[in-house]
Amino acid sequence: MQVQSITQTQPDLAAVKARQQQTWASGDYAVIGTTLQLVGESLCEALDLRPGSAVLDVAAGNGNATLAAARRACDVVSSDYVPALLDSARARARAEGHDVRFEQADAENLPFPDASFDVVLSTFGVMFTPNQEQAAAELVRVCRKGGRIGLANWTPDSFIGDIFKLIAGYLPPPAGVKSPLLWGTEKRLRELFPGHQVEAPRRQHNFRFRSPRHWLDTFRTYYGPTHKAFAALDASKQKTLAEDLLGLIDKHNRGNEAMVLPSEYLEAVITIR
Ligand SMILES: C[S@@+](CC[C@H](N)C(=O)[O-])C[C@H]1O[C@@H](n2cnc3c(N)ncnc32)[C@H](O)[C@@H]1O
(Lines give C-alpha, C1' and ligand atoms only; values in the text may rest on other atoms or scores of the structure.)
Protein backbone atom coordinates (compact mmCIF):
# COMPACT_ATOMS: atom_id res chain seq x y z
CA MET A 1 0.00 0.00 0.00
CA GLN A 2 1.31 3.38 -0.89
CA VAL A 3 1.39 5.88 1.94
CA GLN A 4 0.48 9.29 0.73
CA SER A 5 2.21 12.08 2.57
CA ILE A 6 0.04 15.06 3.21
CA THR A 7 2.01 18.26 3.36
CA GLN A 8 0.15 21.05 5.02
CA THR A 9 1.38 24.52 4.24
CA GLN A 10 1.95 26.42 7.46
CA PRO A 11 1.31 30.15 7.18
CA ASP A 12 4.35 32.38 7.64
CA LEU A 13 3.06 34.14 10.76
CA ALA A 14 6.03 36.52 10.94
CA ALA A 15 5.29 37.74 7.41
CA VAL A 16 1.58 38.04 8.24
CA LYS A 17 2.42 40.11 11.31
CA ALA A 18 4.76 42.40 9.36
CA ARG A 19 1.98 43.09 6.83
CA GLN A 20 -0.54 43.69 9.60
CA GLN A 21 1.82 46.16 11.22
CA GLN A 22 1.96 48.12 7.96
CA THR A 23 -1.83 48.00 7.79
CA TRP A 24 -2.30 49.45 11.29
CA ALA A 25 0.32 52.10 10.55
CA SER A 26 -1.62 53.16 7.43
CA GLY A 27 -4.40 55.74 7.42
CA ASP A 28 -4.56 57.20 10.91
CA TYR A 29 -6.18 54.82 13.37
CA ALA A 30 -6.14 57.55 16.05
CA VAL A 31 -9.13 59.19 14.33
CA ILE A 32 -11.15 56.00 14.85
CA GLY A 33 -9.69 55.19 18.27
CA THR A 34 -11.03 58.36 19.87
CA THR A 35 -14.59 57.34 18.89
CA LEU A 36 -14.21 54.12 20.92
CA GLN A 37 -13.32 55.79 24.23
CA LEU A 38 -16.42 54.52 26.02
CA VAL A 39 -15.27 50.93 25.50
CA GLY A 40 -12.11 51.54 27.54
CA GLU A 41 -14.06 53.34 30.26
CA SER A 42 -16.61 50.53 30.49
CA LEU A 43 -13.89 47.85 30.61
CA CYS A 44 -12.06 49.63 33.43
CA GLU A 45 -15.32 49.87 35.39
CA ALA A 46 -16.01 46.17 34.74
CA LEU A 47 -12.57 45.46 36.21
CA ASP A 48 -13.32 47.77 39.15
CA LEU A 49 -9.78 49.16 38.86
CA ARG A 50 -8.06 50.10 42.09
CA PRO A 51 -6.07 53.37 42.09
CA GLY A 52 -2.35 52.61 42.30
CA SER A 53 -2.66 49.30 40.44
CA ALA A 54 0.02 48.42 37.88
CA VAL A 55 -1.81 48.25 34.54
CA LEU A 56 -0.52 47.26 31.11
CA ASP A 57 -2.44 48.20 27.95
CA VAL A 58 -1.47 45.88 25.07
CA ALA A 59 -1.99 46.95 21.43
CA ALA A 60 -3.10 50.25 22.90
CA GLY A 61 -3.39 52.23 19.67
CA ASN A 62 -3.84 55.89 20.57
CA GLY A 63 -4.63 55.07 24.16
CA ASN A 64 -8.29 54.19 24.57
CA ALA A 65 -7.91 51.83 27.56
CA THR A 66 -4.64 53.53 28.58
CA LEU A 67 -6.42 56.82 29.28
CA ALA A 68 -9.33 55.10 30.99
CA ALA A 69 -6.91 53.38 33.42
CA ALA A 70 -4.82 56.54 33.94
CA ARG A 71 -8.02 58.47 34.74
CA ARG A 72 -8.57 55.94 37.52
CA ALA A 73 -5.18 56.82 39.06
CA CYS A 74 -3.46 53.59 38.01
CA ASP A 75 0.25 53.28 37.10
CA VAL A 76 -0.08 52.59 33.39
CA VAL A 77 2.30 51.17 30.80
CA SER A 78 0.95 51.56 27.27
CA SER A 79 2.29 49.40 24.44
CA ASP A 80 1.74 48.95 20.72
CA TYR A 81 3.88 48.03 17.70
CA VAL A 82 3.02 51.23 15.79
CA PRO A 83 5.13 54.08 17.24
CA ALA A 84 3.01 56.85 15.64
CA LEU A 85 -0.07 55.62 17.49
CA LEU A 86 1.84 55.66 20.79
CA ASP A 87 2.84 59.27 19.98
CA SER A 88 -0.87 60.14 19.68
CA ALA A 89 -1.58 58.34 22.96
CA ARG A 90 1.32 60.19 24.62
CA ALA A 91 -0.08 63.56 23.48
CA ARG A 92 -3.51 62.67 24.88
CA ALA A 93 -2.04 61.54 28.21
CA ARG A 94 0.07 64.68 28.46
CA ALA A 95 -2.95 66.90 27.71
CA GLU A 96 -4.71 65.34 30.70
CA GLY A 97 -1.62 65.44 32.93
CA HIS A 98 -1.16 61.67 33.29
CA ASP A 99 2.27 60.15 33.83
CA VAL A 100 2.03 57.10 31.54
CA ARG A 101 5.02 55.01 30.37
CA PHE A 102 4.96 54.15 26.65
CA GLU A 103 6.77 51.15 25.15
CA GLN A 104 6.86 49.95 21.56
CA ALA A 105 6.13 46.23 21.88
CA ASP A 106 4.82 43.21 20.01
CA ALA A 107 1.82 41.71 21.83
CA GLU A 108 3.20 38.24 21.07
CA ASN A 109 6.53 38.99 22.73
CA LEU A 110 6.03 41.46 25.56
CA PRO A 111 9.24 43.01 26.97
CA PHE A 112 8.07 42.81 30.59
CA PRO A 113 8.99 40.42 33.42
CA ASP A 114 6.64 37.66 34.58
CA ALA A 115 3.82 38.69 36.93
CA SER A 116 4.69 42.40 36.67
CA PHE A 117 1.13 43.78 36.35
CA ASP A 118 -2.05 43.64 38.43
CA VAL A 119 -4.21 44.16 35.35
CA VAL A 120 -3.56 43.65 31.64
CA LEU A 121 -5.91 45.31 29.15
CA SER A 122 -6.49 45.11 25.42
CA THR A 123 -9.40 46.75 23.60
CA PHE A 124 -9.81 45.46 20.03
CA GLY A 125 -6.04 44.95 19.97
CA VAL A 126 -4.66 41.54 20.93
CA MET A 127 -7.50 39.92 18.96
CA PHE A 128 -5.62 40.83 15.78
CA THR A 129 -2.41 38.91 16.55
CA PRO A 130 -1.74 36.05 14.10
CA ASN A 131 -0.45 33.68 16.77
CA GLN A 132 -3.40 33.69 19.15
CA GLU A 133 -2.04 31.11 21.59
CA GLN A 134 1.28 32.94 21.97
CA ALA A 135 -0.42 36.30 22.50
CA ALA A 136 -2.76 34.86 25.14
CA ALA A 137 0.17 33.18 26.89
CA GLU A 138 2.03 36.50 26.99
CA LEU A 139 -0.94 38.29 28.60
CA VAL A 140 -1.09 35.57 31.25
CA ARG A 141 2.68 35.56 31.80
CA VAL A 142 2.95 39.28 32.61
CA CYS A 143 -0.14 39.28 34.87
CA ARG A 144 0.29 38.33 38.52
CA LYS A 145 -1.63 35.44 40.07
CA GLY A 146 -5.02 36.72 41.19
CA GLY A 147 -4.69 39.60 38.73
CA ARG A 148 -7.09 40.22 35.86
CA ILE A 149 -6.96 40.46 32.09
CA GLY A 150 -9.61 42.72 30.55
CA LEU A 151 -10.42 42.42 26.88
CA ALA A 152 -12.86 44.00 24.44
CA ASN A 153 -13.25 41.81 21.34
CA TRP A 154 -15.70 42.26 18.43
CA THR A 155 -18.02 39.26 18.10
CA PRO A 156 -18.25 37.35 14.79
CA ASP A 157 -21.78 38.64 14.12
CA SER A 158 -21.04 42.26 14.98
CA PHE A 159 -21.03 45.08 12.46
CA ILE A 160 -17.21 45.13 12.52
CA GLY A 161 -17.22 41.33 12.19
CA ASP A 162 -19.41 41.69 9.09
CA ILE A 163 -16.97 44.23 7.65
CA PHE A 164 -14.04 41.85 8.08
CA LYS A 165 -16.06 39.04 6.45
CA LEU A 166 -17.04 41.34 3.58
CA ILE A 167 -13.43 42.41 2.97
CA ALA A 168 -12.34 38.74 3.08
CA GLY A 169 -14.64 38.15 0.09
CA TYR A 170 -12.62 40.72 -1.89
CA LEU A 171 -9.16 39.99 -0.49
CA PRO A 172 -8.95 36.51 1.05
CA PRO A 173 -6.89 36.45 4.26
CA PRO A 174 -3.74 34.27 4.29
CA ALA A 175 -4.61 30.57 4.45
CA GLY A 176 -4.26 28.92 7.84
CA VAL A 177 -4.41 32.10 9.93
CA LYS A 178 -7.18 32.00 12.53
CA SER A 179 -9.87 34.66 12.37
CA PRO A 180 -9.48 37.49 14.91
CA LEU A 181 -13.24 37.25 15.45
CA LEU A 182 -12.72 33.98 17.35
CA TRP A 183 -11.60 36.17 20.28
CA GLY A 184 -15.18 37.43 20.30
CA THR A 185 -16.51 34.02 21.38
CA GLU A 186 -16.51 32.76 24.96
CA LYS A 187 -15.60 29.27 23.71
CA ARG A 188 -12.36 30.46 22.16
CA LEU A 189 -11.50 32.56 25.23
CA ARG A 190 -11.83 29.44 27.39
CA GLU A 191 -9.46 27.62 25.00
CA LEU A 192 -6.96 30.48 25.04
CA PHE A 193 -7.07 30.93 28.84
CA PRO A 194 -7.39 27.36 30.16
CA GLY A 195 -7.66 27.04 33.92
CA HIS A 196 -8.48 30.70 34.46
CA GLN A 197 -11.84 32.19 35.29
CA VAL A 198 -13.51 33.74 32.24
CA GLU A 199 -16.50 36.07 32.31
CA ALA A 200 -17.47 37.59 29.00
CA PRO A 201 -20.79 39.42 28.79
CA ARG A 202 -21.92 40.91 25.49
CA ARG A 203 -21.85 44.69 25.10
CA GLN A 204 -22.66 47.08 22.29
CA HIS A 205 -20.76 50.04 20.98
CA ASN A 206 -22.73 52.59 18.96
CA PHE A 207 -20.95 53.99 15.93
CA ARG A 208 -22.31 57.52 15.50
CA PHE A 209 -21.55 59.36 12.28
CA ARG A 210 -23.26 62.22 10.44
CA SER A 211 -24.32 59.80 7.69
CA PRO A 212 -23.36 56.38 6.29
CA ARG A 213 -21.25 58.24 3.71
CA HIS A 214 -19.43 60.07 6.54
CA TRP A 215 -18.65 56.69 8.13
CA LEU A 216 -17.44 55.29 4.81
CA ASP A 217 -15.18 58.28 4.06
CA THR A 218 -13.75 58.16 7.59
CA PHE A 219 -13.06 54.41 7.60
CA ARG A 220 -11.76 54.43 4.03
CA THR A 221 -9.31 57.21 4.87
CA TYR A 222 -8.23 56.39 8.42
CA TYR A 223 -8.98 52.77 9.44
CA GLY A 224 -6.01 50.62 8.32
CA PRO A 225 -7.91 47.47 7.28
CA THR A 226 -10.48 49.32 5.12
CA HIS A 227 -7.89 51.86 3.94
CA LYS A 228 -5.55 49.09 2.72
CA ALA A 229 -8.42 47.04 1.24
CA PHE A 230 -9.57 49.93 -0.96
CA ALA A 231 -5.97 50.66 -1.96
CA ALA A 232 -5.49 47.05 -3.11
CA LEU A 233 -8.56 47.00 -5.40
CA ASP A 234 -9.12 48.38 -8.89
CA ALA A 235 -11.64 51.18 -9.44
CA SER A 236 -14.61 48.93 -10.25
CA LYS A 237 -14.01 46.69 -7.21
CA GLN A 238 -13.56 49.79 -5.03
CA LYS A 239 -17.01 50.93 -6.18
CA THR A 240 -18.68 47.62 -5.34
CA LEU A 241 -16.90 47.39 -1.97
CA ALA A 242 -18.17 50.90 -1.13
CA GLU A 243 -21.70 49.90 -2.18
CA ASP A 244 -21.52 46.66 -0.17
CA LEU A 245 -20.35 48.54 2.93
CA LEU A 246 -23.16 51.09 2.56
CA GLY A 247 -25.60 48.18 2.10
CA LEU A 248 -24.34 46.64 5.33
CA ILE A 249 -24.88 49.91 7.16
CA ASP A 250 -28.40 50.21 5.73
CA LYS A 251 -29.29 46.86 7.27
CA HIS A 252 -28.34 47.87 10.83
CA ASN A 253 -28.59 51.67 10.92
CA ARG A 254 -31.11 53.00 13.40
CA GLY A 255 -30.20 56.65 12.87
CA ASN A 256 -32.24 57.41 9.71
CA GLU A 257 -30.14 59.95 7.74
CA ALA A 258 -27.50 60.04 10.43
CA MET A 259 -25.72 56.81 11.33
CA VAL A 260 -26.28 55.21 14.72
CA LEU A 261 -25.14 51.65 14.43
CA PRO A 262 -24.65 49.22 17.33
CA SER A 263 -21.75 46.78 17.05
CA GLU A 264 -21.53 43.91 19.51
CA TYR A 265 -18.39 42.98 21.44
CA LEU A 266 -17.41 40.76 24.35
CA GLU A 267 -16.25 42.58 27.46
CA ALA A 268 -14.12 39.84 28.98
CA VAL A 269 -12.69 39.76 32.48
CA ILE A 270 -10.29 36.85 33.00
CA THR A 271 -9.03 36.19 36.53
CA ILE A 272 -5.62 34.52 36.66
CA ARG A 273 -5.58 31.50 38.94
C1 LIG B 1 -8.29 48.31 16.28
S2 LIG B 1 -6.81 48.97 16.92
C3 LIG B 1 -7.23 49.11 18.66
C4 LIG B 1 -6.40 50.13 19.38
C5 LIG B 1 -6.86 50.51 20.78
N6 LIG B 1 -6.63 49.44 21.71
C7 LIG B 1 -8.27 50.97 20.82
O8 LIG B 1 -9.10 50.40 21.53
O9 LIG B 1 -8.61 51.95 20.13
C10 LIG B 1 -5.71 47.61 16.88
C11 LIG B 1 -4.36 47.95 17.48
O12 LIG B 1 -3.65 46.76 17.69
C13 LIG B 1 -2.28 47.00 17.41
N14 LIG B 1 -1.68 45.68 17.18
C15 LIG B 1 -2.12 44.69 16.37
N16 LIG B 1 -1.31 43.62 16.45
C17 LIG B 1 -0.33 43.94 17.34
C18 LIG B 1 0.81 43.24 17.83
N19 LIG B 1 1.13 42.01 17.41
N20 LIG B 1 1.59 43.87 18.74
C21 LIG B 1 1.31 45.11 19.16
N22 LIG B 1 0.25 45.84 18.70
C23 LIG B 1 -0.56 45.25 17.81
C24 LIG B 1 -2.33 47.93 16.20
O25 LIG B 1 -1.15 48.63 16.00
C26 LIG B 1 -3.50 48.84 16.59
O27 LIG B 1 -3.05 49.94 17.34
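Visitor: How much space lies in the second largest cavity?
Guide: About 60 Å³. A cavity here is a set of points, on a 1 Å grid over the protein atoms alone, where a 1.4 Å probe fits but cannot get out. Grid points are joined across faces, edges and corners, and the volume is the space filled by probe spheres set on the points.
Visitor: Before we go on, what kind of model is this?
Guide: The model is predicted: local features need pLDDT of at least 70, side-chain atom pairs count only at pLDDT 80 or more, and totals for chains, interfaces and linings use all residues. Residues are numbered from 1 along each chain as its sequence is written, and side-chain values use heavy atoms, with hydrogens and water left out.
Visitor: Back to that second cavity. What lines it?
Guide: Its lining includes Trp-24, Tyr-29, Phe-124, Trp-154 and Tyr-223. Lining residues have an atom within 4 Å of a point.
Visitor: How does that lining split by class?
Guide: Eleven nonpolar, no polar and no charged residues. Ala, Val, Leu, Ile, Met, Phe, Trp, Tyr, Cys and Pro count as nonpolar, Asp, Glu, Lys and Arg as charged, and the others, Gly among them, as polar.
Visitor: And how much space is in the largest cavity?
Guide: About 320 Å³. It has 24 lining residues, and the closest to its centre are Trp-24, Ala-59, Asp-80, Tyr-81 and Gly-125. By class, that lining has 15 nonpolar, six polar and three charged residues.
Visitor: What takes up the space of the largest cavity?
Guide: The ligand. A molecule sits in a cavity if more than half of its atoms lie within 2 Å of the grid points.
Visitor: Which residues are closest to the ligand?
Guide: Tyr-29, Ala-59, Asp-80, Ala-107 and Thr-123, out of 19 that surround it. Near means a heavy atom within 4 Å.
Visitor: How much of the ligand does the protein cover?
Guide: 99% of the 590 Å² of accessible area that the ligand has on its own. That area is Shrake-Rupley with a 1.4 Å probe.
Visitor: Which helices supply at least two residues of the ligand shell?
Guide: Helix 1 (13-25) and helix 2 (29-33) each do. Helices are DSSP runs of H or I, at least four residues, numbered from the N terminus.

Conventions
1 Å grid on protein atoms, 1.4 Å probe; cavity = no way out; pocket = protein on both sides within 12 Å on 5 of 7 lines; lining within 4 Å.
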